[in-house]
Amino acid sequence: MSRIGKAPIEIPAGVTVTVDKDNVVTVKGPKGTLSQKVNPDLKVSVEDGHVAVTRPSDDREHRAQHGLFRALIHNMVVGVSTGYRKEMELVGVGYRAASNGQVLELSLGFSHAIYIKLPPEIKVEAKTERNKNPLIILESDDKQLLGQVCAKIRSLRKPEPYKGKGIKFVGEVIRRKSGKSASAK
């Protein structure tokens, strides 16, 4: 049996989980409401403060989806109770970020500024401190949407291996290369 799939999901205080007849799991909490359609073959049950996902057989597809849907439901429970937060850092001379409501304005060394309209589920904040790299702080209750938006922002200027310039996550380690001078001995 799947180690991830068979682990029960504990429901924290203030969070309610419901499963309707179409196998749609809805999670409500202080940070918002999320819902996910689950494969009709799998059975989701809510009892005494725990959510359990069970599969009908040991088929390859059932095993794969067992762990997947358990992880998705767990991410929803954590999202509506505590939420998710990602911090991104702009490394480079002249790189700037500014947020205006749900619009993020980025200056990344191109001839023009880049404007990104973010979904309403995501809260954005741009911090700029003297002698520090600009930060973009994104918060949401939906882990999947947050990761997708972060990947889109990062794709605008990925960190390069020579000087490390670009958009990276805070705490991320970029593997650095030595330039031409290393080969000339």
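Reply: Start with helix α3, which has 13 residues. From first C-alpha to last, α3 reaches 18 Å, close to the 18 Å expected at 1.5 Å a residue. That expected span is 1.5 Å times one less than the number of residues. Helices (H or I, at least four residues) and strands (E, at least two) are DSSP runs, numbered from the N terminus.

This is a predicted model: local features need pLDDT of at least 70, side-chain atom pairs count only at pLDDT 80 or more, and totals for chains, interfaces and linings use all residues. Residues are numbered from 1 along each chain as its sequence is written, and side-chain values use heavy atoms, leaving out hydrogens and water.

Now the buried side. Buried means under 20% relative accessible area, exposed over 50%, partly exposed in between (1.4 Å probe, protein chains only). In α3, the buried residues are Leu145, Leu146, Val149, Cys150, Ile153 and Arg154. They fall within an arc of 170° seen down the axis, so they line one face of the helix. The arc is that of the directions from the helix axis to the C-beta atoms. The face turned away carries exposed Gln144, Gln148 and Lys152.

What does the buried side meet? Its residues pack against β7, β9, β10, β12 and β13 (166–169). Take Ile153. Ile153 touches (heavy atoms within 4.5 Å) Met88, Leu104, Leu106, Ile116, Ile136, Leu138 and Ile167, not counting residues up to four places away in sequence.

Last, the start of α3. There, a side-chain oxygen of Asp142 reaches to within 3.3 Å of the backbone nitrogen of Gln144.

Conventions:
A polar contact is a pair of N or O atoms within 3.5 Å; within protein, one must be able to donate a hydrogen and the other to accept it, and residues adjacent in sequence count only if both atoms are side-chain atoms.
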